[in-house]
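This report goes through a structure one part at a time. Keep the sequence and the model in view while reading.

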Amino acid sequence: MFLVILYILLGIMGLIFIVPVWHVVMASFSEARLLASNTGVVLLPLGTPSIGGYKIVLTAPGIISGYGNTAFYVIVGTVISMLLTIMGAYALSRKGFEYRNVFMLILSFTMLFNGGMIPTYMVVRNLGLYNSRWAVIIPSAISVFNLIILRTAFQEVPASLEESAKLDGANEFTIMFRIIVPLAKASIAVVVLYYAVGIWNSWFPAMIYLKDRDKFPLQLILRETLLVNDSSMIASSADAQNATNLDRKLVKYCTIVVGTLPIMCFYPFIQKYFTKGVMIGAVKG
Amino acid sequence: MKFLRDIKRNPGLYIIMIPVLAFFIIFAYVPMFGIVMAFQNYTPKGGFFHSEFVGLKHFIDFFGSVYFGRTIGNTLAISILNLVFGFPIPIIFALMLNEVGNKYFKKTIQTVSYLPYFISVVVVCGLIADFTASDGLVTELIVALGGERMNYLGQAQFFRPIYILSDMWQGIGFNSIIYLAALSGIDQELYEAAALDGAGRWRQTLHVTLPGIASTVIILLILRMGSMFSVGYEKIILLYNTNTYETADVISSYVYRMGLQNMNYSYSAAVGLFNSVINTALLVISNKISAKFSDTSLF
Amino acid sequence: MKAKKILALLLVLALCMTAFAACSSGSGSSGTSGSTSTGTTTGETGGETGGETAEPGEAGGETYTFPLAEQVTFTAWHTNPTSDPSLGITTINDIEAVQRLEAKTNVHIEWDVPASGTETDTFNLMITSGEYPDLIFAITSYYKGGVDKAITDGVIIPLNDMIETYAPDYMKLISQNDALKRDCITDGGNYASIAYINTPDQGPWYGLTVRKDWLDKCGLDVPVTYDDWHDMLVAFKEQCGATNPLWLNQYASDMFNIFPAGYGIAALGAGSQNSAFYNVDGTVHYGPIEEGYHDYITMLNQWYSEGLLDPDFYTRATDVFVPDSLSSTGKCGAFADIYTLIDMRPMMSEDTTISTIPVAQPVLKEGDTVHLRQYNWPKGTSDVAISTQCENPELALSWLNLGSIEEYSYLCYWGEEGNEYEIGEDGEPHFTDKVLNNPDINPGDYLTKYFWRAPGMYRWSRELEYAGPLAISAIEDVWLQHSDGAYFMPNITLTDAEGQEFSTKMADILTYVAENTTKFIRGERSLDEWDAFVETVKGMGIDDAIALEQAALDRFNER
């Protein structure tokens, strides 16, 4: 009985999660004219299924280079973020580190206080990072929230393992990467996912620090096509005509799919590591 | 010097900390110098050193504004609702998934549940507006259940439920990941031992599962408390309209309208600083409480 | 004990911080002076071609002869000409007209184009950083505090001393009439930028339309008064099944206050801070506290209760234009539209019987005159200024002057003679079939993709080449009927201090007025409380805001 209710509840939740997403995907294969005037939920493509919208989106200049740039930002950015975060989390999780709470305070404080956009911008510019790809990656490399997650996970690793390694003459780096990190694989996978998704969806640093369009990430380019009917941009009849294009709604849905699908596909690979982490934990006991 | 002794004792740890600390000093503490603009009439030409100093003028302006009480009230209301409903649901969802025996069902539901998280806020808000219009999907459902046909997003009393529910829709699956990871770290032998002692499903949950994820829950809760006063403006300004300002307008959306849109750097810095101070106080208090009642704390 | 240690550490940290801050700000100032050389390579090459002749040459009045002997590069900040990805334009240099212009002048431009929708942020950051490109487009729209302030802030240079010499054709263009010339000078008496001049004057491109097929079905004439509109909307609702008979935007108006204007006031329009101000014989008024607004809201309240108004009007936050889900379905029968779309409406919906016609603005009683509508001042809203970091402003100005010369203007706006346009018997250019009947691309997109809007002569009228008959009747006749434009507010400028005070006050006022307008219309607040509403708005400082606008208007009139 308990299980039946559980399955029904979870099944309903599953439907709630999937229907709006399904709507977007199906709408993206619809006919532009029908979609423009449609209001309800789209369960099957309206009219003859077509990929017209995708043709427009995928042949648009900048999309391909945007994909390449985003891939670079996600991969390099996640690696750098993970390295720094693991280092910080490791040091701050060691019980023998007397001032760890002071450092934790210094780090946590930045979650609450920040100088705001303009001062940060000036610092990045003065470091010579303006219009450099690193400006997208480095200033937001460490998230204190993620660091805390990892620190908590590292603290759960039994101290006896570390001590025996120390007796064998292992240094901190060896302990960190050979013992602690493998044991906290599940949490590390979670944090990798957090960083990767965050970088994938981010456009703000790119907007303020990059000048060259060939460095723009996908999201910044896609964001342009999602902007519709913004009155502040309309100064003349020509602008107004630009803003009312019949394909807009279709292009919008295709854009959503194009901008979301790849990162969704990334998830199952990470999910695999979750189960691996579970197995290791179970064997070691 | 105790500090030097600690360095001598843990040289490796300090070396590891150097890049991390450098990061925070350069990208978090140096820009904090910019907080001075909250006490100035900051102009780009004058910069931080030559802009006119006005003391607490911007704070006084904010406290005297008719929107002071309303934005604070709305911010608190939305945060508390979000905490009460948004915080436990991912935990419950994770626990429910944990009980499911069928591997394929579990994996399907889990995979489906994270989908909404990947959709950007702009898109989600567009969908919400579509679905809650007077002929939208959700409205049709409400009408079928005997409700009234209207535009739900346009009603002040429905703004908060819509905001919270959509937040939950987007976040449940993804937020539950961290609990699932914690659950997967619980020693299976503990369950076996509990089962040998004759503990049923509920008692196993109560005595093994919950203690196993308790520290994760508490840390996340403390962090949540600290951000009590920071409801992000992005989603608010995408969802609110003239008819729902009275329940929807929060501090950050007010700052956005007053500051960022009008480029009044100093005023927005002042209100932001006020917001930060309250956040800090809340974080410290909740951390104290947590340290007192459980042995888990941030620092 | 422990607290002491923490304190000590924090102190050390604070010291580090200040040291860093000092370092970074120090390197900031030296950085700006050191890096001015980036991007520009002008200087000598410019001097070589024309630096010695200080007087304007006879041919075309230029001191520089284009094409230049050696290529010169300028940097320029420009908003994105199109965010439509299907057109395939990544940079402005992809536009054919720009390439032709470069070939003809040997002036290369490196464009800095922010992503659409991020212009305000990136512009403000650029100004904050203290590093400017040579040319800054759209400066009037984005520089907070106005272009006079941009000059005193040292961002752009005044063109006063050079403009007669290096931009004679532009001067000729703006000297057509006194009003235009006055518009091109700032309050401070400066020529701050080269503007886009609408030639010829443009009629209203935005106005009201109603469903023609429904009018026929119900046997109704074109409505003239608000009462006619009422009867028409009732008929639409009852006989044609319209669920949202009249579209209005979230501010219970439309982008340019076309619909409410018959009450002799400006309503909230597109919801910008100054869209409810208007000018009656030199006196500034704020619409929402006038009696006319009360009457307008009373009428809408009545219509709303009868179901004649779009019931969701106040939630249509992003819709400046009528959404397709209303216009292309049988839901809505009357809405504001862009003139070129009227002819296209039947093709934009599954239901091809849908057709609309332009109608004049409603009036209270027949024979009344309306004083507000969509209007483009001859001086366009966009412009381009030369920054203080431009190393050869004379050459830049000469290049900017080109857009006022017919030859170059045609090149940018009409393309190649014989290929894309022909000069007709009337002496005016006309597009060829390559533009008008191209199987691959519609004319509107062709213009965006291949042509560039150069500063100077803005030939908007090329749109009429491919406009349908309804569009032409709308812009040239219907939308001008009984509308004299007497209340138009000219392009006034607030000083920085004024602007700050104005926007602080108006942000609150706009929120309050918009919120209560919706409440009055929906009957959530009784119209009996109108006086209390006006009192509150006054208490929030509307009189101060009006005074600021008044002062700016007076300055404008004294130019």
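At roughly what angle do the axes of helix H4 (residues 57-64) of chain B and helix H16 (residues 265-293) of chain B cross?

## Two helices of chain B

The model described here is predicted. In chain B, the axes of H4 and H16 cross at roughly 70° and come within 9 Å. Angles from 65 to 115 degrees count as roughly perpendicular, and therefore H4(B) and H16(B) are described as roughly perpendicular to each other.

On the H4(B) side, the contact is made by B:His58, B:Phe59, B:Asp61 and B:Phe62. H16(B) contributes B:Ser266, B:Tyr267, B:Ala270, B:Val271 and B:Phe274. Sorted by class, this contact of H4(B) with H16(B) has 6 nonpolar, 2 polar and 1 charged residues.

## Domains of chain B

Chain B is split into domain 1 (1-55) and domain 2 (67-293). The C-alpha centres of these two domains of chain B lie 32 Å apart.

Contact between them involves 6 residues of domain 1 of chain B and 5 residues of domain 2 of chain B. The side of domain 1 that touches domain 2 in chain B has 4 nonpolar, 2 polar and no charged residues.

## Chain B against chain A

How many residues of chain B are in contact with chain A? There are 63 on the chain B side, and they are in contact with 70 residues of chain A. Helix H2 (residues 11-29) of chain B gives the most to the chain B side, with 11 residues. By class, the side of chain B that touches chain A has 41 nonpolar, 17 polar and 5 charged residues.

## Domains of chain C

Chain C is also divided into domains: domain 1 (44-201 + 378-415 + 451-456) and domain 2 (206-374 + 484-492). Taken over C-alpha atoms, the centres of domain 1 and domain 2 of chain C are separated by 38 Å.

## A sheet in chain C

Strands of a sheet pair through backbone hydrogen bonds, either parallel or antiparallel. Chain C has an open sheet of 6 strands, in the order E2-E1-E3-E10-E4-E13, with mixed pairing. Its edge strands are E2 (107-112) and E13 (456-458) of chain C, each of which pairs on one side only. On average, neighbouring strands of this sheet are turned by 25° against each other, with direction ignored.

Strand E1 (residues 72-77) and strand E3 (residues 135-137) of chain C run parallel and are joined by 2 bridges. C:Trp77 has C:Ile136 in E3(C) as its bridge partner. Helix H15 (residues 393-401) of chain C lies across E1, E2, E3, strand E4 (194-198) and strand E10 (379-386) of chain C. H15 of chain C runs at about 155° to E10(C).

Key:
Residues numbered from 1 in each chain as written. Chains lettered and ligands numbered in written order. Predicted model: local features only at pLDDT ≥ 70, side-chain atom pairs only at ≥ 80, totals over all residues. Domains from an automatic or database assignment. Pairing = 2+ DSSP bridges. Helix = DSSP H or I, 4+ residues; strand = E, 2+ residues; numbered from the N terminus. Axes fitted to C-alpha atoms, helices over the stretch in contact; angles between N-to-C directions. Contact = placed C-beta atoms within 7 Å. Nonpolar A, V, L, I, M, F, W, Y, C, P; charged D, E, K, R; others polar. Parallel < 35°, antiparallel > 145°, perpendicular 65-115°, else oblique.
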